[in-house]
Amino acid sequence: MGSGMVIREEDHSRLTGLLERLVAESSAKFSFLIDRAGQRIASGGDLGEVDPTALASLVAGNVAATEGVAQLVGETSFASLFHEGQKESLHISSAGPSILLVVFDERSSLGLVRLRVQQLTAPISDAIQLIEDRGETVASSGVAGIGIAEITEADIDALFG
Amino acid sequence: MTFINYAAREINCKVVYYGPGLCGKTTNIQLIHARSREDSRGKLISLATESERTLFFDFMPLELGTIRGFRTRFHLYTVPGQVFYDASRKLILKGVDGVVFVADSQEARRDANLDSIENLKENLAENGYNAATVPYVMQLNKRDTPTAMPVEEMTRELSWRNEPIFEAVAPKGQGVFETLKGIVKLVLLDLKKH
């Protein structure tokens, strides 16, 4: 645990492309891929005024709580969550180790969203798996000129002025 | 889980404030929120009961600035301290990169502090962490209360891995940023090891 996830440019464009496609094909507003700790990995579509950081954190909390509930009633997890609002609705599901969120309104429907999510979950999971399989960590990533591995205490002191 | 995005040039880390009920975890986050620049802080979200006890978690994203060309963003969470919310505490530790233990200095909370540390160790282990190596600092809060125990005594009872210890009076801001800086330093330096 705690080993982290390193997203490269090519991962980012692959995932963003898949999420954009999901949004377009399901007539949704936007879609997020979120890790279980609550960080947004990638997104597609038009977020509008939404605070993406808060949304990612709360959705991950929601999924974690629901999984806790699932285990209490003897399930390992629930395949998907659906929150129906008056205008906006949310569809939340798993894509490999990550969480896939789709936000849509009356221009789409639960059936269509669910269908497209099912169709695109495998390629999204594969893209995540690719990142995990690479097993790249901060120290090992060694991208030229990046130098995270050379962070010093002085750098950190400078953050706090 | 530290999340590094080379496309967005961002480092994202998760820090959890842990400790017994009413020790001041939420106050720490509120103070950080109140004293951070508007452009560096995100929305403070509190999932609390009507009596302002944390029900699930408080959350606040904080951007600290750029380090080696990367924007460093810390996601600060608190857990609910009350004993019966253990299931929630376990969930919030998922993917944590660093833990701040907030101890209540009042003598009457001595056992509550000890219980909460044991609970933290158990929940870290259940989430697959080695409690002895995860970045960790301790804050002795409420130093201004009349029954505050001596620092040496609290250190002897509560310190279990030679962690950095900070004295604080959270509502007044004393020690709050020192504690934050302490954990940020450990988390960022820990990145090198993985």
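This report describes the sheet, the helices, the chain contacts and the core of a predicted model.

## Basis of the description

Residues are numbered from 1 along each chain as its sequence is written, while chains are lettered from A and ligands numbered from 1 in the order in which they are written. Because the model is predicted, local features need pLDDT of at least 70 and side-chain atom pairs count only at pLDDT 80 or more, while totals for chains, interfaces and linings use all residues.

## The sheet of chain A

Helices and strands are DSSP runs numbered from the N terminus (H or I, at least four residues, for helices; E, at least two, for strands). Two strands pair if DSSP finds at least two bridges between them. Strands of a sheet pair through backbone hydrogen bonds, either parallel or antiparallel. In chain A, five strands form an open sheet in the order β3-β2-β6-β5-β4, with antiparallel pairing. The edge strands are β3 (40-45) and β4 (80-84) of chain A, each of which pairs on one side only. From one strand to the next, the twist averages 15 degrees. Such angles run from 0 to 180 degrees between N-to-C directions, and the axes are lines fitted to C-alpha atoms, for helices over the stretch in contact.

The antiparallel strands β4(A) and β5 (residues 89-95) of chain A are joined by five bridges; in this pair, A:F82 has A:H91 in β5(A) as its bridge partner. Seven bridges link β5(A) to β6(A), again antiparallel, and here A:I92 is partnered by A:L101 of β6(A). The hairpin of β5(A) and β6(A) has two residues between the strands, and A:G96 takes a positive phi near 60 degrees in it. Between β2(A) and β6(A), which run antiparallel, there are five bridges, and A:F32 stands opposite A:L101 in β6(A).

## The strand β6 of chain A

A residue is buried if 20 or more other C-beta atoms lie within 10 Å of its own, exposed if 12 or fewer, and partly exposed in between, with C-beta atoms placed from the backbone. Seven of the seven residues of β6(A) are buried, so this strand is largely enclosed by the rest of the structure. Both of its faces are covered: A:S98, A:L100, A:V102 and A:F104 are buried on one side, and A:I99, A:L101 and A:V103 on the other.

## Helices of chain A

Two residues are in contact if their C-beta atoms, placed from the backbone, lie within 7 Å. Helix α1 (residues 9-26) of chain A packs on the sheet and touches β2 (30-34), β3 and β6 (98-104) of chain A; its direction makes about 40 degrees with that of β3(A). Helix α3 (residues 110-134) of chain A lies across β2, β4, β5 and β6 of chain A, at about 30 degrees to β5(A).

A residue of another helix, A:A65, is found in α2 of chain A. A:A65 is partly exposed, with 15 other C-beta atoms within 10 Å. Its C-alpha atom is separated by 16 Å from that of A:L101, 36 residues apart along the chain.

## Where the two chains meet

In all, 39 residues of chain A are in contact with 42 residues of chain B. On the chain A side, β1 (5-7), α1, α2 (52-72), α4 (138-141) and α5 (153-159) each supply at least two residues, and the largest share, eight residues, comes from α2(A). By class, this side has 19 nonpolar, twelve polar and eight charged residues. Ala, Val, Leu, Ile, Met, Phe, Trp, Tyr, Cys and Pro count as nonpolar, Asp, Glu, Lys and Arg as charged, and the others, Gly among them, as polar.

The bridge partner of A:V6 in β1(B) is B:I4.

## The core and chain B

A nonpolar core is a set of buried Ala, Val, Leu, Ile, Met, Phe, Trp, Tyr and Cys residues joined through C-beta atoms within 7 Å. The largest nonpolar core has 95 residues, of which A:L33, B:V16 and B:F101 touch the most other members. Helix α5 (residues 176-191) of chain B gives the most to this core, with eight residues.

Chain B has five helices and eight strands. Of its 194 residues, 49% count as buried.
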